[in-house]
Amino acid sequence: MSYKVKLNEWLESEFVSEEFKTELRSIEDEKELEDRFYTELEFGTAGLRGVLGAGTNRMNIHTVGKAAEGLARHLVKNVENPSCAIAYDSRIKSDEFAMVSAQILAAHGVKVYLYEALAPVPLLSFAVRHYKTSAGIVITASHNPQAYNGFKVYGSYGGQVTDEEADKILKEMHAIVKFEDVSSISEKEAIEKNLLVYIGEEVMKTYMESIKTLTVKKDMVKEHAKDLKIIYTPIHGSGNIPVRRVLKELGYTVHVVKEQELPDGTFPTAPYPNPENPQVFELALKLAEEVQPDIIFGTDPDCDRVGVIVKDKDGTDQVLSGNQIGMLITYYLLKAMKEENKVPDNGVVIKTIVSTESVRAITKDFGVELLDVLTGFKYIGEKIEEYKETKEKTFLFGFEESFGYLAGTFVRDKDAVVASMILCEIATYYKTKGMTLYDALVEIYEKYGFYLEGIESFTRTGKDGQEQIRKCVDYFRSSTIEEVGGVKTVSKEDYKLREKVNLLTGEKTAITLPSSNVIKYTLEDGSWFVVRPSGTEPKMKAYVAVKGHSLEDAKEKMETFKKRVVAIVEKGFEA
Ligand SMILES: O=P(O)(O)OC[C@H]1O[C@H](O)[C@H](O)[C@@H](O)[C@@H]1O
């Protein structure tokens, strides 16, 4: 269907507000109109995500309504006495979309547990498990720029729905063609019918008690937490209350970045509220001049990501990469557990295929298995659930290079409250040894090898952009890259075809992960690169990784390797 037909449907419908119609009529750029209507928001890496505004390819009450209606129909068909927990963050319209969703679910007889104030992703996951609901929703666009919002969907085990369930919900959504196909009741009616209940302090309290049990060196924390100097920024998001509360209950004192303390969906001090982005720490660094902290960290709007800054040997502030944080936590958890005789025989750490290989050496050293899954924390959540059923393995820690971490099994998505708590324990531990977090990182590098990773993103927006990204990944699929800067490639993994080819022998082996549009090349010297389209932003991502003889050597290697891979990607875009 041409986008113009859809556009006219919106302009003529009595269900679409005058405000939306005026917004649409004021758009003169045909490309912009096409982008708003050529498709519908689809499930990506983490549910629906899009720019706020009128259109089928935008986040608004109609697209959110359709998603909630689809979910409601799916639940009613498949579960007896369906229920759903809902949380939302500080983004523009998050609270409104949460209420719209609650009213639609309630109209279908789905009992809704809605957070009475903004709450992070981990608290939603926890609430799903606490109330044993059939599903969960978080209204958030996580770390995306301020113009975005999104709709993350959770399954009954508390993790984001994986491909199979997402497809079923999508099918229901596709069957909703008219605005009037979406049913809704008022908040008042939903409350009166006991179909809408607000979540308050009880869940938060239980969550706090649960996650505190994850502290490994309890006595050490009890004795030394008070000595750690912490600067924390919630970047105007939902982390402020839970992160500070758990740290306070454990005896830490936190200096919060005042200008970024309160929720604000316009993110006035950090328009791209992603702790991957060093700009979000500018105010924290200013505060650091006065506080002289041992650790600075920040959480994203829905508090599932955490970013960290530490001082290096020369006193220069270093923004740690997501991989470095993953290495620090993996190493500390295993080391501390070993010291406390708590490493289980069947322990497992889980990471994604684009995350650092350094943890392979770390886990091996501690006799713990390492498992790789596709990008998306939902795949880690799914494994935790599987092991809970089979008891085959004990989940110890899961992480992604994209700044997501989880320990414990109370929550089934990445949890920046837990990660912040563990990072403070790590910083305290090393402080008692007269070491900084940076010293700890150097210790890991020296022990396990100088692995360094990088990422380069190629933004391509709109319908044409999607097509360009698709073609570029196809370029890496259809042609064989034989060498990079004179270093031979030794294997090519095509996760869409689920096949690994040994480029030296031609031998093919199967990849057992679900099919995904990802290509990975590994080189003779152990370096590797991956290309894949982002499932949350209009970008293609190229991940690069090298191993050096020293940190300096690795940095030099990284610089040239990255340039070379970028040049190949650019060739791919031109092909
Ligand atoms: O690379 P993308 O598809 O954009 O995904 C990047 C990240 O986005 C979200 O934060 C998901 O929860 C993560 O699991 C994922 O790694």
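## Loops, helices and domains: a working chat

Colleague: Where is tyrosine 157?
Modeller: Tyrosine 157 is in the loop between strand S5 (148–154) and H7. Helices here are DSSP runs of H or I with at least four residues, strands are runs of E with at least two, and both are numbered from the N terminus.

Colleague: Before we go on, what kind of model is this, and how are residues numbered?
Modeller: This is a predicted model, in which local features need pLDDT of at least 70 and side-chain atom pairs count only at pLDDT 80 or more, while totals for chains, interfaces and linings use all residues. Residues are numbered from 1 along each chain as its sequence is written.

Colleague: Back to tyrosine 157: what does it touch beyond its neighbours within four places in sequence?
Modeller: Tyrosine 157 is in contact with Glu385 and Arg412. Contact means that the C-beta atoms of two residues, placed from the backbone, lie within 7 Å.

Colleague: And why does tyrosine 157 count as partly exposed?
Modeller: Because tyrosine 157 has 19 C-beta neighbours inside 10 Å. A residue is buried if 20 or more other C-beta atoms lie within 10 Å of its own, exposed if 12 or fewer, and partly exposed in between, with C-beta atoms placed from the backbone. The C-alpha atom of tyrosine 157 is separated by 8.5 Å from that of threonine 133, 24 residues apart along the chain.

Colleague: Next, leucine 41. Buried or exposed?
Modeller: Leucine 41 is buried, because 23 other C-beta atoms lie within 10 Å. Leucine 41 is in the loop between helix H3 (30–37) and strand S1 (48–51). Not counting residues up to four places away in sequence, leucine 41 touches Leu48, Gly50, Asn57 and Thr63. Leucine 41 and glycine 150 are 109 residues apart in sequence and 9.7 Å apart in space, C-alpha to C-alpha.

Colleague: How do H4 and H7 cross?
Modeller: The axes of helix H4 (residues 61–78) and helix H7 (residues 163–174) come within 8 Å and cross at roughly 115 degrees. Axes are lines fitted to C-alpha atoms, for helices over the stretch in contact, with angles running from 0 to 180 degrees between N-to-C directions.

Colleague: Which residues make that contact?
Modeller: On H4 they are Lys66, Ala67, Gly70, Leu71, Arg73 and His74, and on H7 they are Lys168, Ile169, Glu172 and Met173.

Colleague: Now lysine 414. Where is it?
Modeller: Lysine 414 is in the loop between strand S15 (404–407) and H16. Lysine 414 is buried, because 29 other C-beta atoms lie within 10 Å. Leaving aside neighbours within four places in sequence, lysine 414 is in contact with Asp304, Arg305, Phe377, Gly404, Tyr405 and Leu406.

Colleague: What about H16, how many of its residues are buried?
Modeller: 15 of the 17 residues of H16 are buried. The end C-alpha atoms of helix H16 (residues 416–432) are 24 Å apart, which agrees with the 24 Å that 17 residues should span at 1.5 Å a residue. That expected span is 1.5 Å times one less than the number of residues. Just after H16, glycine 434 takes a positive phi of about 70 degrees.

Colleague: Which residues other than glycine have a positive phi?
Modeller: Among them are lysine 391, with phi near 60 degrees, and arginine 498, also with phi near 60 degrees. Most residues other than glycine have a negative phi. Lysine 391 is in the loop between helix H15 (377–390) and strand S14 (394–400), and counts as exposed because it has 8 C-beta neighbours inside 10 Å. Arginine 498 is in the loop between strand S18 (487–494) and strand S19 (499–502). Arginine 498 is partly exposed, because 15 other C-beta atoms lie within 10 Å.

Colleague: Which residues of H19 are buried?
Modeller: In helix H19 (residues 551–574), they are Ala554, Lys557, Phe561, Val565, Val569 and Gly572. These buried residues pack against strand S16 (450–459), helix H18 (462–478), strand S17 (483–484), strand S22 (528–533) and strand S23 (539–548).

Colleague: Last topic: what are the domains?
Modeller: The domain assignment gives domain 1 (39–199), domain 2 (207–448) and domain 3 (451–574). These bounds come from an automatic or database domain assignment. The centres of domain 1 and domain 3, taken over C-alpha atoms, are separated by 35 Å. Six residues of domain 1 are in contact with four residues of domain 3.
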